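Student: I have a model open and want to work through its packing. Can we take it question by question?

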Amino acid sequence: MEPWEIAILVISIIIFIILILLITRIRIVKQTEKIVVERLGRYHKIWESGVHFLVPFVDNVAHRISMKEQVKDFDPQPVITKDNVTMQIDTVVFFQVTDPKLYAYGVEGPISAIENLSATTLRNIIGELDLDETLTSRDIINSKMRAILDDATDAWGIKVNRVELKNILPPKDIRDSMERQMRAEREKREKILLAEGQKQSAILIAEGNKEAAILNAEAEKQAAIKKAEGEAESIMKIKHAEAEGIKMVREAESKGLEMLKDAKADEAVLTLKSYEAIAKVADGQATKLIIPNDLSKITSVASTIKEALKD
């Protein structure tokens, strides 16, 4: 092989190696992360999302940090309450990196530091509470822990958003005692509810009977009123009928008297007419007079005329 051919081959190899080296120094940063770059062992810059190039043999990716909110579930920690009850409590911490540089250089092992800090903080807070307060004050404990952890982790470029007590496990004997207490409380509530139900039922039955009695009394009252009104109306109709009957009788009597008077007057008139005829006959030229042989009729006619004239 000629020397120039060897030189070309060597140059080609070198160029190929350089290209491979340059390609391998290209870095792509995702949207949800940032990269801490060191140059010659010292902090150089923070790479945002996009394509970046590392200078060969000079730049180095020191840390690739996620900017999303992270959740860490720490193992249960033994804590002692104010009334000397030992229990196991595990916590869940929600945090987010706000400063990649502080996160990379602020503390060695940030996650481990947060775990230890949360354990000591939890012991301090629980040590000021008794068992009952610990079991019923989760929100207060969470708020205190979040405030303390957030203040302490500012120097590490970390923002603690939430802290939650996941489980609180008292000793077994206390759990058994609490279970018995809860069972007794449930039985007590059951009896109270049963008694309350029976009480309400009795009250409703009594109220129903009361309302029924009131309605019955009201119905009897209305019936008596209606009956009395009917009797009064019947009596009024009877009295009205009697009055009408008396009126009709009186009118009939009055009409009868008038008719009797008229009859008597007519009879008297006829008698007088008869007498006038007799008188006229007597005044005539006839020699014979026909006089009724019953003179009592004349007397009765005279008396009738007299009574008619009196009336």
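Student: Which residues does Thr121 touch, not counting residues up to four places away in sequence?
Tutor: This is a predicted model. Thr121 sits in helix H3. At 5% relative accessibility it falls under the 20% cut-off, so Thr121 counts as buried. Beyond its sequence neighbours, Thr121 touches Met145, Ile148 and Leu149.

Student: Which residues of H3 are buried?
Tutor: Start with what lies over them: the cover includes strand S7 (77-80), S8, H2, H4, H5 and S9. An α-helix has 3.6 residues a turn, so residues three or four places apart point the same way. The buried residues of H3 are Pro110, Ala113, Ile114, Leu117, Ser118, Ala119, Thr121, Leu122, Ile125 and Ile126.

Student: What span is expected for H3 at 1.5 Å a residue?
Tutor: H3 has 17 residues. The expected span is 1.5 Å times one less than that number. From first C-alpha to last, H3 reaches 24 Å, which is close to the expected 24 Å.

Student: Which element gives the most residues to the largest nonpolar core?
Tutor: That core has 31 residues, and Ile89, Val93, Leu122 and Ile141 touch the most other members. Two or more residues come from each of strand S8 (86-97), helix H2 (100-105), helix H3 (110-126), helix H5 (138-153) and strand S9 (158-169). With six residues, the top contributor is H3.

Student: Which residues is Leu122 in contact with, leaving aside neighbours within four places in sequence?
Tutor: Leu122 is among the residues that touch the most other members of the largest core. It is also one of the buried residues of H3. Its contacts are Val79, Ile89, Thr91, Ile141, Met145 and Leu165.

Student: Which residues does the second, separate core include?
Tutor: This core stands apart from the one that holds Leu122.

Student: Is Asn142 buried or exposed?
Tutor: Asn142 is found in helix H5. Leaving aside neighbours within four places in sequence, it is in contact with Val163, Glu164 and Leu165. Its relative accessible area is 8%, and the cut-off is 20%, so Asn142 is buried.

Student: How far is the backbone oxygen of Asp130 from a polar atom of the side chain of Thr134?
Tutor: Thr134 belongs to helix H4 (residues 131-136). At 0% relative accessibility, Thr134 counts as buried. The separation between its side-chain polar atom and the Asp130 backbone oxygen is 2.8 Å.

Student: What separates the C-alpha atoms of Thr134 and Ile168?
Tutor: Ile168 is one of the residues that Thr134 touches. Thr134 and Ile168 are 34 residues apart along the chain, yet their C-alpha atoms are separated by 8.7 Å.

Student: Which strands are at the edges of the open sheet of three strands?
Tutor: The order is S3-S2-S5, with antiparallel pairing. From one strand to the next, the twist averages 25°. An edge strand pairs on one side only, and here those strands are S3 (42-47) and S5 (59-66).

Student: How many of the seven residues of S2 are buried?
Tutor: Strand S2 (residues 33-39) pairs with S3 over five bridges. Seven bridges join S2 to S5. S2 is largely enclosed by the rest of the structure, because its buried residues number five.

Student: Which residue in S5 does Ile35 stand opposite?
Tutor: On the S3 side, Ile35 stands opposite Trp47. On the S5 side, the residue opposite Ile35 is Arg64.

Student: Which residue takes a positive phi in the hairpin of S2 and S3?
Tutor: The two strands run antiparallel. The hairpin has two residues between the strands. A positive phi near 55° belongs to Leu40.

Student: Among contacts between residues at least 6 apart in sequence, what percentage join residues at least 24 apart?
Tutor: The protein has seven helices and nine strands. Buried residues make up 21% of its 311 residues. For the contacts you ask about, the share is 64%.

Methods. Residues are numbered from 1 along each chain as its sequence is written. This is a predicted model: local features need pLDDT of at least 70, side-chain atom pairs count only at pLDDT 80 or more; totals for chains, interfaces and linings use all residues. Side-chain values use heavy atoms; hydrogens and water are left out. A nonpolar core is a set of buried Ala, Val, Leu, Ile, Met, Phe, Trp, Tyr and Cys residues joined through side-chain atoms within 4.5 Å. Buried means under 20% relative accessible area, exposed over 50%, partly exposed in between (1.4 Å probe, protein chains only). Helices (H or I, at least four residues) and strands (E, at least two) are DSSP runs, numbered from the N terminus. Contact means heavy atoms within 4.5 Å. A polar contact is a pair of N or O atoms within 3.5 Å; within protein, one must be able to donate a hydrogen and the other to accept it, and residues adjacent in sequence count only if both atoms are side-chain atoms. Two strands pair if DSSP finds at least two bridges between them. Axes are lines fitted to C-alpha atoms, for helices over the stretch in contact, and angles run from 0 to 180 degrees between N-to-C directions.
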